[in-house]
Amino acid sequence: KEYFQNLVEPLHSNRMEKIEFETIHQRKNKTTYWVEVHLQKNTYQGKSVFTAIILDISERKRTEESRAMALSIYESSTEAIMVTNGIHHIMDINPAFTRITGFKRKDVIGRTPKMIYSDRHDEAFYKEQWETLQDQGHWQGEIWKRRKDGTIYPAWLNMSIIPNRDDKRSRYISQFTDITEKKRKDEVIWAQANYDALTNLPNRRLLHDRLGLEMKKVHRTGSGLALLFIDLDHFKEINDTMGHAKGDLILIESARRISACVRDSDTIARLGGDEFTAIIPEFEDKKQIERIAQQIINYLSQPFYFKGDENGYYISASIGITIYPDDAENIEELLKNADQAMYQAKAEGRQRYNYFAHSMQLKAREKLKLTQDMRGALSNQELEVYYQPIVNLKTGEIVKSEALLRWAHPVLGWVSPGQFIHLAEESGLIHEIGEWVFLQVITHIKKWIGLTGRILPVCVNKSPLQFESESHGSTWSEQLEKLDLPGNSITMEITEGLLLKESPNIKRLLMSLRDSGIEVSIDDFGTGFSALSYLKKFDIDYIKIDRSFIRKIMEDDSDRVLTEAIIVMAHKLGIKAIAEGVETEAQRKLLLSFGCDFAQGFLYAPALPAEKFEALLVK
């Protein structure tokens, strides 16, 4: 009552004839609602009469609020919005449209959307877009548009039909966003997933995709397809000696040289490491493939030079070639066949190419079967350690021996170490087998002390894979301590390539061997990266001159000169020399004249089982 008395007061005092206003009222159930109030002053029979009309305008207010909110969204949206009428003239745009396209309201109102079309789409595209919009009432997709300054940009567009109840003519609303940055990020992600970061060549994933497309083309056209598997020879040694930074430069330059040997329509890919592939579709004949393979080999054989370094560095390549559809039915088989052909090229001397032959699959299956059989060789007691004596050249006395592993296969008979040692390394069995060999050796050494009253040191070959494993590098001295054997009971034989790495871990392990008294010998010296300068950096006790020098030492002047030079330089460095493969008395006398310290070979005895070797010791 007081509320209305206050409202009526201006009317009662004759200051106003009527009052209109909107306010919020509350119903009996406590809900609120908007009302429009009309108060009017009238005179009836000389008296003032006040009329109040109250209208519920809640629905109208909700509609107004909804429209205000829609307008706010329309104005503040980050998406460009464009409204066109039934004859495709632009009726309205929002601020985001101007921000994205550069066109202002005065530039576009009354005009058609063709002004923002690009030339990336043909008439058929727009016709299909319009038909979908009419049929389904909606269209969305990626489209290229044009800004006011003429630049083309990608956009994601949503178009809808808005029915108009008044004139029954439909209107159209288009909403779009600039997806330039998204496209750029997508392209970066796609490139990272499909291209090698170092060489910028297609990677394994993109290779599979392109190979699949080319294989489908073969079925359509009947043309041939060749796949080349290219592997750099001795790249690991180069990488270790020169460092990974220069190794990467060699890979980059190798990629460039390989790419220079093929057509633009061919695909060169890097599978990883030092492995590359080349897809050669629609070749004329095998001679064309062979020319490409030989050119790749020739290019990669040329020296690699680096800025600030005048020395040239050399590598070579081995290439496996396979043909589709002659050699395989699918991508996996094709890659496997090319890989097998490449390994055959390496086995035949490297720096050459080799075609796949189905006989290689048989060899691969035999290799797999042999590896599987080797997994049970220890538990089935098929392995045995043999010993070959090493004698003092001056006295003929047995002063050392070398432990050599033998495998008596239950079906194949004696399997050559040349066949199974590398399989043990590839499969990881070398760690388990190597530890078993070492335990067998120290057990025999302990037994021989009881038989002869003296320690007879044994040379034990240690694979680079074993040596580089820190856990395996620390157990030998511990095992010797358990049997109360001195460190000089064992001479560890390693390869020259291990020294070239000069890694802190290898240096540390060599130092720990010296501290424990275990001696170190370089096996097959002269066949690898022979460099006596490396011997000065490590505490090496013996070098074993490879049998390839001794075999023709009586006939070949160069072998004779090299052998003598190795012995003289070794002595200058305080290292003793052991000649391998001595088979004749003439060889023994010549080596003795060179000052060689020790020898082993058939002249004295072949490798013998432990029991027969013991018989030599107790004579």
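User: In which strand is E275 found, and what makes that stretch a strand?

Analyst: E275 is found in strand β11, which covers residues 275-281; strands are DSSP runs of E with at least two residues, helices are runs of H or I with at least four, and both are numbered from the N terminus, so residues 275-281 qualify as a strand. The model is predicted, with local features needing pLDDT of at least 70 and side-chain atom pairs pLDDT 80 or more, while totals for chains, interfaces and linings use all residues. Residues are numbered from 1 along each chain as its sequence is written, and side-chain values use heavy atoms, without hydrogens or water.

User: Which residues does E275 contact, leaving aside its neighbours within four places in sequence?

Analyst: With contact taken as heavy atoms within 4.5 Å, E275 is in contact with F229, I230, D231, A269 and R270. By comparison, M554 lies 279 residues from E275 in sequence and 42 Å from E275 in space, C-alpha to C-alpha.

User: What describes the packing of α8 and α9, and how do you know which class it belongs to?

Analyst: Helix α8 (residues 235-242) and helix α9 (residues 244-259) pack with axes 6 Å apart, at an angle of about 135 degrees, and that makes α8 oblique to α9. On the α8 side the contact involves F235, I238, N239 and M242, and on the α9 side H244, K246, G247, I250 and L251.

User: What makes R105 and D92 a salt bridge, and is R105 buried or partly exposed?

Analyst: A salt bridge requires a side-chain nitrogen of Lys or Arg within 4 Å of a carboxyl oxygen of Asp or Glu, and the N to O distance here is 2.1 Å. R105 in helix α4 and D92 in strand β5 are 13 residues apart. Buried means under 20% relative accessible area, exposed over 50%, and partly exposed in between (1.4 Å probe, protein chains only); R105, at 43%, is therefore partly exposed, and D92, at 23%, is partly exposed as well.

User: How do you know whether R350 and D233 form a salt bridge, and which of these residues is buried?

Analyst: Their closest N and O atoms are 4.0 Å apart, and the pair is listed as a salt bridge, linking the loop between α11 and β15 with strand β9 across 117 residues. D233 is buried, at 1%, whereas R350 is partly exposed, at 32%. Both belong to a network of salt bridges that also links D231 and K346.

User: Why does E382 have no salt bridge?

Analyst: E382, in the loop between α12 and β16, is buried, and the nearest side chain of opposite charge, K369, is 9.5 Å away; with Lys and Arg counted as positive, Asp and Glu as negative, and His and the chain ends not counted, K369 is beyond the cut-off, so no salt bridge is assigned.

Terms used. Axes are lines fitted to C-alpha atoms, for helices over the stretch in contact, and angles run from 0 to 180 degrees between N-to-C directions. Angles under 35 degrees count as roughly parallel, over 145 as roughly antiparallel, 65 to 115 as roughly perpendicular and the rest as oblique.
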